Amino acid sequence: LHDISFRLEKNQMAALVGPSGGGKSTIASLLARFWDVKSGQVLVRGVDIRTVPLSELMDHISMVFQRVYLFQDTIYNNISMGRPDASREEVMEAARKARCHDFIMSLPDGYDTVVGEGGESLSGGEKQKLMLARALCKQAPFLVLDEPTAALDPLVESQLYDRYRRFSEGRTTLFISHRLASTRFCDRILLMEDGKAVETGTHEELLAAEGRYAWMFQVQSRYYQKKEAQKEAGLEGEEVEV
């Protein structure tokens, strides 16, 4: 990262977008203290997070990453792991908001179904939804979402984040995604390239600027339109040219 400086306000959802290797996940890792900064500071409410006990910091952060991990335990315990005192209704409500309640209820033992180590008995999309439910159930004031819906269909992803945006009210949320269509609802967007924030603004402001973000959005829009057309024509799996 080079010369990065930005501020997230309470009740604000900000997005980091851009190509792989731009520095998006690095920022998320620094916020969670998986690494510490070599220069500069990461401040939460004006306090350098390096001075805060890690357990206390983790109490205030819910995180969902593209790489999903579930424990060999019941679905109920996997969702409530970040908040063991949550009621059964609160666990189920989190699952509804993450759009995984229906598939859970279709399992032999519902919420008491035991998943294999790493969630091996579930699909990628099902595991990501359970991770989202875990984050929602924890009810932490700060949410970090690093490519949390990469395994989901773009239409399902759009529907999920329409709900999630409303649920995030009252919290500070950092959302990282390659899919620009899913960041349109964010209060602020930073386009990351080569460790720098090269453009920043709302979705509308960045489109009006007709810069790098606007070009990427147009390319992605054409790509997913062609993918949807292929699906309707029964030609899924064929290469798409944009």
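Predicted model: local features only at pLDDT ≥ 70, side-chain atom pairs only at ≥ 80, totals over all residues.

Reader: Okay, how many residues of β1 are buried?

Author: Five of the five residues of β1 are buried, so this strand is largely enclosed by the rest of the structure. Buried here means under 20% relative accessible area, exposed means over 50%, and partly exposed lies in between, with a 1.4 Å probe and protein chains only. Strands are DSSP runs of E with at least two residues, helices are runs of H or I with at least four, and both are numbered from the N terminus.

Reader: And which way do the side chains of β1 point?

Author: Met13, Ala15 and Val17 point one way from β1, whereas Ala14 and Leu16 point the other way. In a regular strand the side chains alternate between the two faces of the sheet.

Reader: Which strands pair with β1?

Author: Strand β6, residues 172-177, pairs with β1 in the parallel sense over five bridges, and Leu16 stands opposite Ile176 of β6. β7 also runs parallel to β1, joined by four bridges, with Val17 opposite Leu191. Two strands count as paired if DSSP finds at least two bridges between them.

Reader: Switching to α1, what covers its buried residues?

Author: The cover includes β1, α2 (54-59), β4 (61-65), β5 (142-146), β6 and β7. Helix α1 spans residues 24-31, and six of its eight residues are buried, among them Ile27, Ala28 and Leu31. Arg33 follows α1 and has a positive phi, near 60°.

Reader: Which residues touch the most other members of the largest nonpolar core?

Author: Those are Ile79, Cys100, Ile104, Tyr111 and Leu130, in a core of 38 residues. A nonpolar core is a set of buried Ala, Val, Leu, Ile, Met, Phe, Trp, Tyr and Cys residues joined through side-chain atoms within 4.5 Å. The elements giving two or more residues to this core include β1, α3 (75-80), α6 (124-138) and α9 (212-232), and the largest share, seven residues, comes from α6. Apart from this core lies another, of 20 residues, among them Ala28, Leu31, Ile49 and Leu57.

Reader: What does Cys100 touch?

Author: Leaving out residues up to four places away in sequence, Cys100 touches Ala95, Lys129, Leu130 and Ala133, where contact means heavy atoms within 4.5 Å.

Reader: Now the surface: is Phe71 buried or partly exposed?

Author: Phe71 counts as partly exposed, at 39% relative accessibility, and is found in the loop between β4 and α3.

Reader: What about Arg45 and Arg99, where do they lie?

Author: Arg45 lies in the loop between β2 (43-44) and β3 (47-48), and its phi is positive, near 55°, in a residue other than glycine. Its relative accessibility is 73%, so Arg45 counts as exposed. Arg99 lies in the loop between α4 (88-97) and α5 (101-105), with a positive phi of about 60° although it is not a glycine. Arg99 is partly exposed, with a relative accessible area of 30%.

Methods. Residues numbered from 1 in each chain as written. Heavy atoms only, no water.
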